[in-house]
Amino acid sequence: MSSSAVVAAGAKEIGTEEERKKRMAAACVELLKCIGEDPSREGLLKTPERWAKALLFFTKGYHESVENVLNDAVFHEKHDSMVVVRDIEVHSLCEHHLVPFFGKVHIGYIPNGKILGLSKLARIVEVFARRLQVQERLTTEIAQSLMDTLAPSGVGVVIEAKHMCMVMRGVEKTTTSTVTSSMLGCFRIDPRTRDEFLRFANSGR
């Protein structure tokens with residue numbers, strides 16, 4: 001069982017979504033007290049409930065699967081040239097500090113008898129991004145899920161993101177960005193294929 005499946009199973013054991021919201025809101029009240037705030041003041045009265053609802057949305061990927069979001073959008077086609085979708089917006093939470101990182105995902109693959117509805121590439125990104133993540137793992141999970149789903153000749157994924165844990169705290173560097181890649185199949189083996197994908201991903205800059 002994957003780590004995300006284990007976490008999702010654990011969440012079910014804790015209770016229903018409403019029960020989890022109540023427990024999370026209660027925990028938020030304690031957090032507010034610990035930082036020196038007054039949870040009873042007007043501006044914070046509904047903050048615990050809002051925060052609980054927001055965090056469940058930010059992590060809804062634990063209760064989603066690639067199989068469900070694809071919804072039979074895999075089609076048999078003889079197209080065997082590269083397909084690239086650039087600039088897919090991504091937002092996630094760093095698992096180390098629970099603060100956001102965000103940026104863009106570029107995905108390319110070479111079909112081997114099957115193609116995927118284009119919007120589903122963005123859906124796959126959402127499934128894995130809406131969990132506590134590190135950018136390196138997120139990149140790999142997106143690429144591997146496409147290999148498992150389509151069995152293409154190859155897959156390439158590049159993510160460029162800005163991490164608030166480097167901007168708002170720590171080194172406090174506002175201009176830095178992090179780039180990660182995952183190349184599978186012919187994208188890893190053949191440098192010409194990899195270079196073609198990277199040219200597509202970087203075009204228009």
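Good morning. What you see is a predicted model, in which local features need pLDDT of at least 70 and side-chain atom pairs count only at pLDDT 80 or more, while totals for chains, interfaces and linings use all residues. Residues are numbered from 1 along each chain as its sequence is written, and side-chain values use heavy atoms, with hydrogens and water left out.

I begin with the whole chain. The protein chain has nine helices and seven strands; these are DSSP runs numbered from the N terminus, helices being H or I with at least four residues and strands E with at least two. Its C-alpha atoms fill a box of roughly 60 × 40 × 25 Å along the principal axes. Of the 205 residues, 40% are buried, where buried means under 20% relative accessible area, exposed over 50%, and partly exposed in between, with a 1.4 Å probe and protein chains only. Among contacts with a separation of 6 or more, 70% join residues 24 or more positions apart; contact means heavy atoms within 4.5 Å.

I turn to the interior. In soluble globular proteins, nonpolar side chains tend to be buried together. A nonpolar core here is a set of buried Ala, Val, Leu, Ile, Met, Phe, Trp, Tyr and Cys residues joined through side-chain atoms within 4.5 Å. Which residues have the most contacts inside the largest core? They are Val105, Ile107 and Ile142, in a core of 30 residues. Helix 5 (118-129) is among the elements that supply at least two residues each, and the largest share, six residues, comes from helix 5. Leaving out residues up to four places away in sequence, Ile107 touches several residues, including Val85, Leu121, Ile142 and Phe197. Phe197 also belongs to a second, separate core of seven residues, which includes Met183, Cys186 and Phe187 as well.

Next, the helix pairs. Helix 5 and helix 6 pack at about 135°, with their axes 10 Å apart; axes are lines fitted to C-alpha atoms, for helices over the stretch in contact, and angles run from 0 to 180 degrees between N-to-C directions. Helix 5 is therefore oblique to helix 6, since angles under 35 degrees count as roughly parallel, over 145 as roughly antiparallel, 65 to 115 as roughly perpendicular and the rest as oblique. Leu121, Ile124, Val125, Phe128 and Ala129 of helix 5 meet Leu138, Glu141, Ile142, Ser145 and Leu146 of helix 6. These residues divide into eight nonpolar, one polar and one charged, counting Ala, Val, Leu, Ile, Met, Phe, Trp, Tyr, Cys and Pro as nonpolar, Asp, Glu, Lys and Arg as charged, and the others, Gly among them, as polar.

The axes of helix 2 (residues 17-34) and helix 3 (residues 47-58) come within 8 Å and cross at roughly 125°, so helix 2 and helix 3 are also oblique to each other. Met24 and Leu32 of helix 2 and Trp51 and Leu55 of helix 3 are among the residues that make the contact.

Finally, the loops. Is Asn71 buried or exposed? Asn71 is exposed, with a relative accessible area of 56%, and its phi is near 50°, a positive value in a residue other than glycine. Glu172 lies in the loop between helix 7 and strand 7, and its phi is near 55°. Arg169 is found between helix 7 (164-167) and strand 7 (178-185) and, at 38% relative accessibility, counts as partly exposed. Beyond its neighbours within four places in sequence, Arg169 is in contact with His97 and Met164. Thank you.
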